[in-house]
Every structure is written in structure tokens, then in C-alpha cells.
Amino acid sequence: MMPETYSKLLPAIAQPTYKYSSENASSLPGTQVALQLILAIRQKCTPEEELPNPNESMETDNAEESFNPLKIDVFVQTLLNLGSKSFSHTFAAISKFHTVFRALADTEEAQICVLHNVFELWKHHQQMMVVIIDKLLKLQIVDCSVVATWIFSKEMTSEFTKMYLWEILHLTIKKMNNIDDEDEQSNKNKNDNVDKPTEEGPKQASSKPPNILSEANDGTNNDEDTKDKSKCYELFPRETTGS
């Protein structure tokens, strides 16, 4: 065991930092709704059911907002905290409530808010952050351009020297290149289908020359040949032999 004087050198314990269960959680907006959401998810509610709305129990000034940051905050942190037991639990939770994620993260600002809450919850578990963001990209909950914008935001300045952040950027660029390749292949297939003829063209006339011999022997000129021969006999009669 290391002495206490070296404790500052040890990395933080890789566990979620769920703010709605902290000591000062009672003073946070949305805590009561987070508890209701935990109960609803544990009772195996479906994504189609109406989830608790934090704006119904408190007054917020979000009229000018293009999205609901408090609702995203409560939903993302609560759901991912419940699925924090393993990677498979987290993936199952995200997949089950995929439609809710898409409905909440319908703008660039909302998607950045989702990424912010992922970072806030899992800032002490870098590998979990990488796999969650990769999953969000694959399910098209967040866009590649949004992830790049978030990485280079002021919030992430302190993380620039950590390798996990550049791993996220690498997989984002790789995902973007795959999307471009798929679009290019799709356009190529469409062009090939357009250029391909749907019906066979008219048959070309045969270039085989007519059979002259067969026409000469078809019997159509037999009368004229007979007349010519009779004329020759008149000019040159046969000699008769005496008996």
C-alpha cells in the first residue's frame, strides 16, 4: 500500500459522479424529478410512456432556449448512472431509450449538452466516455461535427493533454470518413442504375449478302432460257445423217 503522502498521485476512482445523489443534491433543480425518473425506469417503463418533466415542478426561463438543458441533464445523467454497472448495461439503456435521445438532442446545442453531461458523469472513467460517445455516434444521436466542436470547446481545454480525448476525435473522423464512403458508393450505384439500359435495343438488320446462286436456280427464268436455246437451233440447225 502506498503512503498517504502519495495519494494525490493516484488517479481518481473510475466511477460515475452522479450529482443528484451527492450531499448538496437537495438544492439542485431537478432532483425530485430525477428520483421519479429512477423509479419509472426501474419499473421498466417504455420509451413511449411520458417521462417526468423537470419543468413541471419548477419555474424556468427557457422560452428563448431552442432546447431544454435541464431535461437533458436529468435524463442523460440518471439513465447512464443506472446503466453504470457495465458496458453492456449502458449500451442496453441507450438503445432502449434511443428515441428519447433523438427527440431531446434535435439541435446542435442539445447534442453538445448531451456530451457535456456524459463528461460530467464519467470524467473519472475515460474509457467509459470513449465507448459511450462511440455508441452515440453509431446510433446517430450526436453528429460527428458536433463531437469535434465539443472537443475543441473551452470546457475541454483542461483535457487537451489526455489521450482519451484524441481517441474520441480519431474515432469521430473515422466515422465521418465511413459516412462519406457510403454516400459516394450509394451515388455511384444510383448512377450505374440510371446508365444501364432497361430494354434491349432494336435488332440490327442482317448484313449477310443475298445468295445469288439460290436466286438463279429458283426456276423464275426458265422460259427465257428455253427461248434463247431455240433461237440458237434455228441459226445452226443440226445436220441429218442419211440412211
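A charge sits over a ring if NZ of Lys or CZ of Arg is within 6 Å of the ring centre and within 35 degrees of the ring normal. Start there: select Lys135 and Phe91. Lys135 lies over the face of Phe91, at 5.2 Å from the ring centre.

A word on what is on screen. This is a predicted model, in which local features need pLDDT of at least 70, side-chain atom pairs count only at pLDDT 80 or more, and totals for chains, interfaces and linings use all residues. Residues are numbered from 1 along each chain as its sequence is written, and side-chain values use heavy atoms, with hydrogens and water left out.

**The whole chain**

Switch to a cartoon view. The protein has 10 helices and 0 strands. Helices (H or I, at least four residues) and strands (E, at least two) are DSSP runs, numbered from the N terminus. Read from that end, the order is α-α-α-α-α-α-α-α-α-α.

Now colour by burial. Buried means under 20% relative accessible area, exposed over 50%, and partly exposed in between (1.4 Å probe, protein chains only). Of the 243 residues, 29% count as buried.

Contact means heavy atoms within 4.5 Å. Take the contacts between residues at least 6 apart in sequence: 66% of them join residues at least 24 apart.

**Helix α5**

Select residues 108–122, which make up helix α5. The expected span of a helix is 1.5 Å times one less than its number of residues. For the 15 residues of α5 that gives 21 Å, and the end C-alpha atoms are 21 Å apart, which agrees.

Show the side chains of α5. The buried ones are Ala110, Gln111, Cys113, Val114, Leu115, Asn117, Val118, Phe119, Leu121 and Trp122.

Pick Asn117, in helix α5. Asn117 is buried because its relative accessible area is 0%. Leave out residues up to four places away in sequence, and Asn117 touches Ile72, Asp73, Val76 and Gln77.

Move along to Leu121, also in α5. Leu121 has 0% relative accessibility, so it counts as buried. Apart from neighbours within four places in sequence, its contacts are Gln15, Pro16, Thr17, Tyr18, Gln77, Leu80 and Asn81. Look at Gln77 again: its C-alpha atom is 6.4 Å from that of Leu121, though the two are 44 residues apart along the chain.

**Rings**

Next, show Phe, Tyr and Trp. Rings of these residues (for Trp, its six-membered ring) pair if their centres lie within 6.5 Å; planes under 30 degrees apart count as stacked, over 60 as edge-to-face and the rest as tilted. The count comes to 7 aromatic pairs. One of them joins Phe119 and Trp150: edge-to-face, 6.5 Å centre to centre, with 65 degrees between the planes. This pair links distant parts of the chain, since Phe119 is in α5 and Trp150 in helix α7 (residues 144–151), 31 residues apart. Phe119 counts as buried because its relative accessible area is 12%. Trp150 is at 0%, so it counts as buried too.

Then select Phe75, Phe97 and Phe101. They form one aromatic cluster.

**The core**

A nonpolar core is a set of buried Ala, Val, Leu, Ile, Met, Phe, Trp, Tyr and Cys residues joined through side-chain atoms within 4.5 Å. The largest one here has 53 residues, and Phe75 and Leu136 touch the most other members. Elements giving two or more residues to this core are α1, α2, α3 (87–96), α4 (98–104), α5, α6, α7 and α8 (163–195). Helix α5 gives the most, with 8 residues.

Zoom in on Leu136. Beyond residues up to four places away in sequence, Leu136 touches Ile94, Val114, Leu115, Val118, Ile141 and Val142.

**Cysteines**

A disulfide is a pair of cysteine sulfur atoms within 2.5 Å. A search of the whole structure finds 0. Select Cys113: it counts as buried because its relative accessibility is 11%. Cys144 is at 9%, so it counts as buried as well.

**Two loop residues**

Finish in the loops. Lys44 sits between α1 (31–42) and α2 (69–82). Its phi is positive, about 60 degrees, although Lys44 is not a glycine. Lys44 counts as exposed because its relative accessibility is 67%.

The last stop is Gln140, in the loop between α6 (126–138) and α7. Gln140 has a positive phi near 60 degrees and is a residue other than glycine. Its relative accessibility is 52%, so Gln140 counts as exposed.
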